[in-house]
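Biologist: I'm new to this structure and would like to learn how to read it. Could we go through it feature by feature?

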Amino acid sequence: MVGRSTDSGDELLRRMVARRRRDNVIVAVLAVLAVLGGGHAILDFFASDPPPPSDSATPATIGRAQLAGSFAQQFIVTYLSSVAGQQDRLGEYVGSSAQQITLPSTARQVSDPAVVYVSRIGSFDTLEVWSVTVSVRLGKSAPGATSTSGTSGTSTSGATASNSAGADTRQFYRVGVSVLNGRLRALALPALVEPPSRGADLAQAYSAPCTADTPLAQVASGFLTTYLTGNGDVGRYITLDAGIVALRPAPFTAVETVAVTSDDNSCGTARSHAQVLVTVNPKADGGAVATLAYPLTMVRDGGQWQVQSVDAVPAMTNPPAVIADQQNSHASAPSSTTSLPSTTVQIPRATQN
């Protein structure tokens, strides 16, 4: 009994010595981290590994979205252009339901297809499910064309045929698509859906009209005339890092400036940076063409205003504000604006053309 007690005491002593050594090592590591990186380094030492990056926007996911969109577009065009007796064509895209539909005796003209929306509904290992909306332009059926009734697939054909007496109609169809190990299949027949609703008008940052004799209007008008007609040197109107060159071949013979507005109320006399929107009426050899609008970022360097970039989108107020919601009301725009959270709309400013 005495021997076992002595052995137990020796084992306990050895454990205490080992624990003290381990504690000393940890203290030394923390001391080094505190010297090198402060408190953040110490916290990072104890923090768990970060989660792996999400693949929601990886190139592979984007590629599969494009693949699903292309497949859905082909399926919908084939479906709408098929006639009675051509169910086998649909079997390439969808399962046994293709044999249960009734197709019209005369096909309609299907043209100008476009994938307008793609959304991933779910992902399960090697299987992904996508929802794809495709718009197509449907022409008239040939004289004597008929539509049948009796199945869910026919209701789509019936909706299509209802416009056969009128002009070409753009319609929107949605279909579910599965992607399994790179192989695609429609989950069901397409569904005719409503087109995207009209969006809200957003307030722009251009609050001040600038007359033709103001510095901003003079430089902006001169730049667009050179940029669009090729008459003159565009380099005299742009910054060294702008990277803007005149369009070649020149699309227009002349440009008439209609309006210049800016976020600079002085129109170039008091500030050195401005967002400018220029509206012009170009002219070509055949006469006047449609009005164009160019959002510009302009800077003043050494007293001379120059164009820094032709922006991708007009400048918006910060935070963005809705001035008219076309979906909820068709009345005139309200006198007051409704502010949106600053994270709702984030529009990056382009740095070059």
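Biologist: How should I read a group of nonpolar residues, and which members of the largest nonpolar core touch the most other members?

Modeller: The general idea is that in soluble globular proteins, nonpolar side chains tend to be buried together. Here, the largest nonpolar core has 28 residues, and those touching the most other members are Phe223, Ile244, Val278, Tyr294, Leu296 and Met298.

Biologist: Which elements each supply at least two residues of this core?

Modeller: They are α5, β8 (254-262), β9 (273-284), β11 (292-301) and β12 (304-310). Helix α5 gives the largest share, 8 residues. There is also a second, separate core of 24 residues, with Leu80, Val136, Val175 and Val179 among them.

Biologist: Are Phe223 and Tyr227 buried or exposed?

Modeller: Phe223 has a relative accessible area of 0%, so it is buried. Tyr227 is buried too, at 4%.

Biologist: How many aromatic pairs are there by this rule?

Modeller: The count is 5. One of them is Phe75 with Tyr93, a stacked pair at 5.4 Å centre to centre and 20° between the planes. This pair links distant parts of the chain, 18 residues apart: Phe75 lies in helix α2 (residues 59-81), while Tyr93 is in the loop between α3 (87-90) and β1 (108-124). Both Phe75 and Tyr93 are buried, and together with Phe71 and Tyr79 they form one aromatic cluster.

Biologist: And how do I read the confidence values? Where does pLDDT stay under 50?

Modeller: As a rule, where pLDDT is low, the predicted coordinates should not be read in detail. In this protein the average pLDDT is 78, and 67% of the residues score at least 70. Residues 1-7 stay under 50, with 0 contacts beyond four places in sequence. Residues 35-48 are also below 50, and that stretch has 9 contacts in the model beyond near neighbours in sequence.

Technical notes:
Residues are numbered from 1 along each chain as its sequence is written. This is a predicted model: local features need pLDDT of at least 70, side-chain atom pairs count only at pLDDT 80 or more; totals for chains, interfaces and linings use all residues. Side-chain values use heavy atoms; hydrogens and water are left out. pLDDT is the predictor's confidence in each residue, from 0 to 100. Contact means heavy atoms within 4.5 Å. Rings of Phe, Tyr and Trp (its six-membered ring) pair if their centres lie within 6.5 Å; planes under 30 degrees apart count as stacked, over 60 as edge-to-face and the rest as tilted. Helices (H or I, at least four residues) and strands (E, at least two) are DSSP runs, numbered from the N terminus. Buried means under 20% relative accessible area, exposed over 50%, partly exposed in between (1.4 Å probe, protein chains only). A nonpolar core is a set of buried Ala, Val, Leu, Ile, Met, Phe, Trp, Tyr and Cys residues joined through side-chain atoms within 4.5 Å.
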